[in-house]
Amino acid sequence: MSSEPIVSIQGISKTYASGLQALKKVDLDIRRGEIFALLGPNGAGKTTLISIVCGIVNATTGVVVADGHDIVRDYRAARAKIGLVPQELHTDAFESVIATVTFSRGLFGLAPNPAHVEKVLRDLSLWEKRDSKVMTLSGGMKRRVLIAKALAHEPRILFLDEPTAGVDVELRHDMWQMVRRLRENGTTIILTTHYIEEAEDMADRIGVIRKGELILVEDKAALMKKLGKKQLSLSLQTPLQQIPAELAALPLELSASGDTLTYTFDTQTDETGIAELLRCLGAHGIDFKDLHSSQSSLEDIFVSLVRGAA
Ligand SMILES: Nc1ncnc2c1ncn2[C@@H]1O[C@H](COP(=O)(O)OP(=O)(O)OP(=O)(O)O)[C@@H](O)[C@H]1O
Ligand SMILES: [Mg+2]
């Protein structure tokens, strides 16, 4: 992987005509060949950022370079490298699927390539629908048509703005498969999502955006390790009324039913304190019949981040 970023975003701010500042000095480098997930609540600025990189919205300040091309000075060259699957569904309702995808390729001045169009449609399970008018398709199929359109000109960089909103679970997994295949073929992918599991499953790196500020960018694995907490749950032999006073100092929680103790510890520290915990429990005659540990999900991390920074 080249160390040169494929997309370099520097000091991007956006104030809409309404006066609303949607982005505040965002700096972000996208690495060649990665899957980058942009997470953030509604209105955080995700679509604005993507729209700027794709040349649909003008930044108020800042510079974006896409695969070596300044997106303003060298718009056409930059845009040719980029595929965009927009968040809003708007398709050419009266066209057939194959015509609209073929047309999208033509927009970039590329020679027709029916084999490529066929491959894209097959990959997206749209080949059977190729002669159907877009308006007759279901919502999930229309979204796939948008993806096919975005891939028609063989972009190096693909932006997916909430690609799986309104797509059923099975299809969502098919789409993730397809995104992974694209990445294996060298396409860099930037996606926004509200489904944390999507980021958790797919992304190499994660950026969290909140009120127009990029508050965090991190490797997914490092993020989960750094912010992740582990929990040890102990199913008790005999339910407790309350946690004995001698154990009150430990990070323990007793379930409402009194039959499960949950011990929370940091995955970062060398000393988990579990040995001490078990010794204390033994000393107080608290027996357990079962125990299991779990790691906090990216969702927990995300919620605490967005809340914590509020
Ligand atoms: N054309 C526009 N004119 C004025 N304000 C806008 C415009 N587009 C977006 N905004 C505002 O900019 C802010 C960021 O919007 P944006 O669409 O980028 O958020 P988002 O993170 O994509 O949200 P969502 O998760 O809901 O898609 C919001 O407050 C929104 O109302
Ligand atoms: Mg959006």
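The side chain of S8 reaches out to the side chain of Q10, making a polar contact at 2.7 Å. Keep in mind as you look that this is a predicted model. S8 has a second polar contact of this kind too, this time between its side chain and the side chain of D29, at 3.4 Å.

So where does S8 sit? You'll find it in strand β1, which covers residues 7–15. As for its neighbours, leaving aside residues up to four places away in sequence, S8 touches L28 and D29, along with V63, V64 and V65.

Now move along to strand β2, which runs over residues 21–30. K25 lies in this strand, and its backbone is worth a look: phi is near 45°, a positive value in a residue that isn't glycine. Is K25 buried or exposed? Its relative accessibility is 62%, and since exposed means over 50%, K25 counts as exposed.

Further on in the chain there is another lysine to visit, K211. Phi of K211 is also near 45°, again a positive value in a residue other than glycine. Where is K211 placed? Look in the loop that links β9 (205–210) and β10 (213–219). K211 has a relative accessible area of 54%, so it is exposed.

Terms used
Residues numbered from 1 in each chain as written. Chains lettered and ligands numbered in written order. Predicted model: local features only at pLDDT ≥ 70, side-chain atom pairs only at ≥ 80, totals over all residues. Heavy atoms only, no water. Helix = DSSP H or I, 4+ residues; strand = E, 2+ residues; numbered from the N terminus. Polar contact = N/O pair within 3.5 Å; in protein donor to acceptor, adjacent residues only side chain to side chain. Contact = heavy atoms within 4.5 Å. Buried < 20%, exposed > 50% of the residue type's maximum accessible area, 1.4 Å probe, protein only.
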